[in-house]
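Please open the structure in your viewer and keep the selection panel at hand.

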Amino acid sequence: MENEKTINEFDKELICEYYSDMKRQGPGSPEMTIKALGFIDNLTQKSKIADIGCGTGGQTMVLAQNITGNIIGIDFFPEFIEILNNNANKLNLSEKVKGYAGLMENLSFQEEEFDLIWCEGAIYNIGFERGLNEWRKFLKKDGYIAVTEASWFTEKRPEEIENYWVHHYPGITTISSNVSTMQKTGYIPVATFTLPENCWIDNYFIPQISVQEKFLEKYTGNETVEEFIEGCRHEEKMYHDYKDYYGYVFYIGRKY
Ligand SMILES: C[S@@+](CC[C@H](N)C(=O)[O-])C[C@H]1O[C@@H](n2cnc3c(N)ncnc32)[C@H](O)[C@@H]1O
């Protein structure tokens, strides 16, 4: 038992170290963040935005540079939050952006505190429906939610990719099913669009190559590290082979 705990702790540290060096921890791009922001009306200097599962703040800085309100970033890893707050400082955005370590399933926000809730590549940690349901109370009436979620593009998929996703994220479903969930959980669906390949390849897989080489050298012979990197490389291969069947999709909705 003690051993298991130690391995888990090591896994967490490992994941944190691996992704800390990257601008983003999931697929996305500044262009797509700005495109999604284009569907949000009525933001003012007084607007409050929550960026949940913000990571080191790749999309948070883009938001801050393109809106007038204030942003609170929340992430599970304090190390990511430290990087986010340092970056905000460097970019003279620390008045607008404040990061805090916290759990998306236990947010201590006020009811109706926010004009906009943002979440790129992270709602899967709580589940799409649960996230939309539980976070709705933190939005003002007519407030917006914008999230990205891995989604099936087609009704049927080859067995290999079906099995891969069912193993890694059984909650994955089609775009129409997610839009219906959005409506059912109290939002008017405003827009959905798929993220282009460069969000995965240029901004997510390619930056990992040098980190993987560095890791394999630093942790030579460490089975946990080797398995972890094998998993990351397999994820890339699956995307390469089956990107016609799935990808990340932006879902934007307005609370009713
Ligand atoms: C795939 S990354 C996306 C990060 C960032 N939004 C991006 O797109 O670059 C998912 C993020 O969710 C965070 N996370 C995972 N579980 C969480 C939880 N229960 N509460 C808050 N954040 C969590 C991770 O630490 C990680 O930073």
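A polar contact is a pair of N or O atoms within 3.5 Å; within protein, one atom must be able to donate a hydrogen and the other to accept it, and residues adjacent in sequence count only if both atoms are side-chain atoms. The model is predicted, and local features need pLDDT of at least 70, side-chain atom pairs count only at pLDDT 80 or more, while totals for chains, interfaces and linings use all residues. Residues are numbered from 1 along each chain as its sequence is written, and side-chain values use heavy atoms, with hydrogens and water left out.

**First stop: threonine 185.** Select threonine 185 in the loop between α7 (175–184) and β7 (187–194); helices (H or I, at least four residues) and strands (E, at least two) are DSSP runs, numbered from the N terminus. Its side chain reaches the backbone oxygen of methionine 182 at 3.1 Å. Is threonine 185 buried or exposed? Threonine 185 counts as buried because its relative accessibility is 6%, where buried means under 20% relative accessible area, exposed over 50%, and partly exposed in between (1.4 Å probe, protein chains only).

**Second stop: proline 189.** Move on to strand β7 and select proline 189. Its relative accessibility is 28%, so proline 189 counts as partly exposed.

Select isoleucine 15 in helix α1 (residues 2–20). This residue counts as partly exposed because its relative accessibility is 30%.

Select the ligand and the 19 residues around it, among which Arg24, Gly53, Asp75, Glu105 and Glu120 come nearest; a residue is near a molecule if one of its heavy atoms lies within 4 Å of it. Which classes of residue form this shell? The shell has seven nonpolar, eight polar and four charged residues; Ala, Val, Leu, Ile, Met, Phe, Trp, Tyr, Cys and Pro count as nonpolar, Asp, Glu, Lys and Arg as charged, and the others, Gly among them, as polar.

Next, display the backbone. A polar backbone atom of glutamine 25 is 2.9 Å from an oxygen atom of the ligand. A nitrogen atom of the ligand lies 3.2 Å from a backbone N or O atom of phenylalanine 76, and a polar backbone atom of glutamate 120 is 2.8 Å from a nitrogen atom of the ligand. Taken alone, the ligand exposes 590 Å², of which the protein buries 91% (Shrake-Rupley method, 1.4 Å probe).
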